[in-house]
Amino acid sequence: MSTYQIAALGRGSTRLGRLRGLIRGRCVLIVAGSVVAVTVLTAVFAPLIAPYDPNAVDPTAVYQPSSSAHWLGTDDAGRDILSRLLYGARSSLLAPALVTLTAGLVGTALAVSAAWLGGWYDRLVSALLDIVFGFPGLILAVVVAAMFGAGLTVAVVTLSVAYLPFIGRVVRSAALRERQLPYVSALRMLGVSGRRICLRHLTPNLLPLVLVQIATSYGYALLDVAAFSFIGLGVQPPTAEWGLMVANGSTGILAGRPEQSLYAGVVIVVFVIACNLLGGSLSQRLLGDNR
Amino acid sequence: MPEHTPGAILEATGLRKTFGDFTAVDDVSLTLTPGASLAVVGESGSGKTTTARMIAGLEQPTTGTILLAGRQPPGPRARTTERRRFAQHVQMVFQDPYTSLDRHQRIGDSITEVLALHTDLRGSARTARMTELLEQVGLNPQQAISRPRSLSGGQRQRAAIARALAVQPRLLVLDEAVAALDVSVQAQILTLLQDIRRQTQVAYLFITHDLGVVPHIADEIVVMRQGRVVDRGTTTEVLDRSQHPYTRALIDSVPRRGWKPRRRPATPT
């Protein structure tokens, strides 16, 4: 082997070397990202890959164990658990996505405008975020559900408000630091309007932080939506949803058939861990955060 | 409304700035005519940057007046149109070239954004003017598509100067504009600034703690200490003939062959 070839190998110019170089230091990002990606794809293509209709009741197949016909068994109504898990990914993933995106959008708008305008508006926004922060999201959701009725819409709207401070407070403090940078002073001196500075300069520079906050909050939002469904105030039966499946399966636990709760619980735990690891990994990559 | 001296681009009179109990600037007066260059020198905490920021409109003086071409700078709550009009009088180049440009904006876009606000140029004419400005500051027009992170400190400072010149200001405040650059790049930027002054008749207010660079850029010097002007005159007068002990101490502290630094007695408070 020539010196050139050895040097080229050292630089990782072979296909294997390049692959190793790509994976090195990114294992967590790749594994967590793959879990999230596979779950999202599962949700999208559920109608194509689910073996049964998730709501198809079969009284002759109640609490069936795992078999070639029903890989994960059936629930108390004879419904295929695997199909319900696959379809359940849709509402289970969509609701927290709506929660975190709404909280991210509104929280960023509030945070950047408060940091930019300062004064009484900043104090008002900060006080409102602090008040919401001090109020447990689930309690807030229960109160709102008691007033407007149960359902996924109420859960999403209430949790969006409850998640505002998690994104708003962090983005506000970053926006305050950002607006002290000389480029912002330079833009003001150049006569660029405040709105343009906020929309075209501050917000794009804060976007990596917002994305990290959304990714980190997503797992917690999924848990909250699942908990909301678990207590019967979120998604209503017979819709397949992971939190609701954990609740429905609780009767099976007493009957010695814990599969439904167990599988739904495992899926929630694995997905939330993947989201948190992805958020932490993105934080390291996008923000240089080595905590 | 304070009285305006015809022909003066900058008239700052009796400037004073306090932060709580601390007086950062006290009774500072400066005058600049078009095409002139005035260096404000002093050690850290002497109030030179605060003076520059007041003149640039980034700080409000506690007392005193500032007139730029006979107009008072807009206040902190001024409307965008008023700030935009004021931008054509004064621009500022900041010390840190790494944070004075938006890190997500391409260099060319940062200049065309300013041209869009301040000129009637459209399309290819605007791009041509942007290219002309990049060439004026010694940047390759191909660097228009670069983001700041792919440029060196000197190149970023050139880009910041090009952006400031896009407004065609009559006064350019250079706040330690070469302090963060290595010596060879400092020399290039100082030469560039001399060329630009000759070509455009822009006036410079050059803020620096480094007396070594002053002869290359300034016609006059103001020496500040503890917020007050303690010495002033032409560059030759101050650097060669000043008898003021603080000015002498500053000159003696410039490193040179055989230089032996002496500890200065503690400043009485």
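How many bridges join strand S1 (residues 10-19) of chain B to S2(B)? Seven, and the two strands run antiparallel. The model behind these legends is predicted: local features need pLDDT of at least 70, side-chain atom pairs count only at pLDDT 80 or more, and totals for chains, interfaces and linings use all residues. Residues are numbered from 1 along each chain as its sequence is written, while chains are lettered from A and ligands numbered from 1 in the order in which they are written.

**View 1. A three-stranded open sheet in chain B.** The strand order is S2-S1-S4, with antiparallel pairing. Strands S2 (22-32) and S4 (63-68) of chain B are at the edges with a single partner strand each, so one side of each has no neighbour in the sheet. From one strand to the next, the twist averages 20 degrees. Look for Thr18(B), whose bridge partner in S2(B) is Thr23(B). Two strands pair here if DSSP finds at least two bridges between them. Helices (H or I, at least four residues) and strands (E, at least two) are DSSP runs, numbered from the N terminus.

**View 2. A helix across the sheet.** Helix H1 (residues 48-55) of chain B lies across S1, S2 and S4 of chain B, at about 120 degrees to S1(B). Axes are lines fitted to C-alpha atoms, for helices over the stretch in contact, and angles run from 0 to 180 degrees between N-to-C directions. Residues are in contact if their C-beta atoms, placed from the backbone, lie within 7 Å.

**View 3. Helices H6 and H8 of chain A packed together.** H6 (residues 119-133) and H8 (residues 152-179) of chain A pack at about 125 degrees, with axes 8 Å apart. H6(A) and H8(A) are therefore oblique to each other (under 35 degrees counts as roughly parallel, over 145 as roughly antiparallel, 65 to 115 as roughly perpendicular and the rest as oblique). Leu129(A), Val132(A) and Phe133(A) of H6(A) make the contact with residues of H8(A), including Val161(A) and Gly168(A).

**View 4. Where chain B touches chain A.** Chain B brings 20 residues to the contact and chain A brings 14 residues. On the chain B side, helix H2 (80-87), strand S5 (90-93) and helix H3 (107-118) are the elements that give two or more residues. H2(B) gives the most, with four residues.

Definitions and conventions
Two residues are in contact if their C-beta atoms, placed from the backbone, lie within 7 Å.
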